[in-house]
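Here is a short report on one protein model. Please look over the sequence and the structure before reading on.

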Amino acid sequence: SSTVVLLSLGSGSGLPYNSFVDSVSSLTPTAEDKEKPAISPRRSYVAVAVLCYVNLLNYSERYTIAGVLPDIQTFFDISDSMAALIQTVFISSFLLLAPVFGYLGDRYNRKYIMIGGLSVWLVTAAGSSLVTKSYFWLLMLLRAMVGIGEASYSTIAPTIIGDLFVGTRRSAMICLFYICIPVGSGLGYITGAGVAHLTGDWRWALRVRTLSLTDIKSYVWSSLGVTATSFLTGALAFWAPTFLSRAQVSQGLQLPCVKEPCNPTDSYIFGAVTVVTGVLGAFLGSCLSRWFGKRIPNVDPLICAIGLVGSAPCLFFTIFAASKSITATYVFIFFAEMLISLNWAVMADILLSIVIPTRRSTAEALQISVCHLLGDAGSPYFVGLISDAIRKSEPATHDWSFRSLQYSLVVCPFVAIVGGLFFFVTSLYITEDRKALAKLVEGAPQPQQGANSEPPIELSNKDKRNPKNNVSVNI
């Protein structure tokens, strides 16, 4: 249905997505008061609604697997490391194809690229639900193909929003778009576990939704920060419901899962917590960015740094409180996820504010590739590998199964601290990089005035800034 809605927007919407002259206005905070939108405000909001809806479905489908992971492990009789490979192959295809879609998105009609990718996503996501017990390899292959659709969409959608809106409206729309990540993820846990529990078959859970950038120092360091965030959220999102379930078994509060369907309670609760903290965190992060943005030019990376560093002690207490009190564990999870969620909208706004509009898709694609390659493509498998290694050191018991996963998750708070340091370094360079971009845009050649030409671009005094050496962007 999302593909049909995208088609309904029509190529005649009037938005020249690859037009430098039209999209450059998004660099100017007061541009909404001076520039005439490429399409009507109503159609712009409809487009954002469609993009947010698809983003919600994407992340809901992505984390359905995590919500029913104990059922999948029981069904296929696989270890933690093998189970984590499901996510690794998905993210690997995602990161490999993201640069391709970024390149295409800067040169061809983005709408049709997304529609093609989403069509593949729908078919392969549905196909994943038809895999039988003896074909685990086929499930991994289909999950890898699901990454094609997500790569096409995640690379291009934020840049379209960047072209449709400017200034504070763009920040608000980006915030709304990225709120769909934790909301969709949380709904994936809840609906996936719920459907699997009601039907007695986990497979039904998958059937219900079907330039020279290295010269920009703040881009490089923020990409490393995004990578750390991706590693952290990938490991936490994939293993948290299973970790909580094993904690309950270890404390004698729940029977071990030996036959599917497994107890879905922890997936329900963790999903609900993810939704609430995602909305609160993204909203709070966006508000902090707007409130302090005029007084503190480098506030965006500082918000991300504080969010990640602040989440580290919460994650540490989450991991070790699980052996004593499930209630305390959920309290710490709540604050950890809310602090991490401060970053979602702000991270996207950082990229949009330092990269020239006609190269944003490429920059987005490169960042996606790096953050997933070094982040959540391997973090679930890495944690699972450590868990398996620790578990083999002692005779197998349900308590030791919990302890092995508990000890392996200790890597998460340390990664959060490292990610916070990356964003702190970003804050040292971002102001100068924004000045350099504004100067570059100000010096861009203007089209000849004529009957059908666009008016010349005017930057506000606020955006007439000094150039920075060593920035090379090919317009």
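## Confidence

This is a predicted model. The mean pLDDT of the protein is 79. A score of at least 70 is reached by 82% of the residues.

Helix H12, residues 299–321, has the highest mean, at 94. Helix H2, residues 20–23, has the lowest, at 42. Residues 1–35 have a pLDDT below 50. Even so, the model gives this stretch 87 contacts beyond near neighbours in sequence. Residues 446–475 also stay under 50. For them the model has 56 contacts beyond four places in sequence.

## The largest cavity

How much space lies in the largest cavity? The volume is about 600 Å³. The lining of this cavity has 36 residues. Closest to the centre are Tyr59, Ile181, Thr233, Trp344 and Met347.

At least two lining residues come from each of H3 (41–62), H8 (136–164), H9 (167–199) and H10 (217–250), among others. The list also includes H11 (265–293), H13 (326–341), H14 (343–354) and H15 (360–373). Which helix gives the largest share of the lining? That is H10, with seven residues. By class, the lining has 19 nonpolar, 13 polar and four charged residues.

## The second largest cavity

The second largest cavity has about 90 Å³ of space. It is lined by 16 residues. Gly67, Asp71, Asn263, Pro264 and Ser267 are the closest to its centre.

Helix H5 (69–76) gives two or more residues to this lining, as do H9, H10 and H11. The lining divides into eight nonpolar, six polar and two charged residues.

## The nonpolar core

The largest nonpolar core holds 115 residues. Which members touch the most others? They are Phe76 and Trp202.

Trp202 has contacts well along the sequence list, leaving aside neighbours within four places. Among them are Val68, Asp71, Ile72, Phe75 and Phe76. Trp202 also meets Ser128, Leu139, Ala196 and Glu260.

Ala235 sits in helix H10. Is Ala235 buried or exposed? Its relative accessibility is 0%, so Ala235 counts as buried. Not counting residues up to four places away in sequence, Ala235 touches Ser379, Pro380, Val383 and Cys412. Ala235 and Ala377 are 142 residues apart in sequence. In space their C-alpha atoms are 9.3 Å apart.

Phe238 is in helix H10 too. Its relative accessible area is 0%, so Phe238 is buried. Thr233 is one of the residues closest to the centre of the largest cavity.

Gln367 lies in helix H15. Its relative accessible area is 9%; buried means under 20%, so Gln367 is buried. Which residues does Gln367 touch, not counting those up to four places away in sequence? They are Tyr219, Ser222, Ser223, Val226 and Leu351.

Asp77 is found in the loop between H5 and helix H6 (80–105). Its relative accessibility is 68%; exposed means over 50%, so Asp77 counts as exposed. The phi of Asp77 is near 55°. That is a positive value in a residue other than glycine.

How values were computed: Residues numbered from 1 in each chain as written. Predicted model: local features only at pLDDT ≥ 70, side-chain atom pairs only at ≥ 80, totals over all residues. Heavy atoms only, no water. 1 Å grid on protein atoms, 1.4 Å probe; cavity = no way out; pocket = protein on both sides within 12 Å on 5 of 7 lines; lining within 4 Å. Points joined across faces, edges and corners; volume = space filled by probe spheres on them. Helix = DSSP H or I, 4+ residues; strand = E, 2+ residues; numbered from the N terminus. Nonpolar A, V, L, I, M, F, W, Y, C, P; charged D, E, K, R; others polar. pLDDT = per-residue confidence, 0-100. Contact = heavy atoms within 4.5 Å. Core = buried A, V, L, I, M, F, W, Y, C linked by side-chain atoms within 4.5 Å. Buried < 20%, exposed > 50% of the residue type's maximum accessible area, 1.4 Å probe, protein only.
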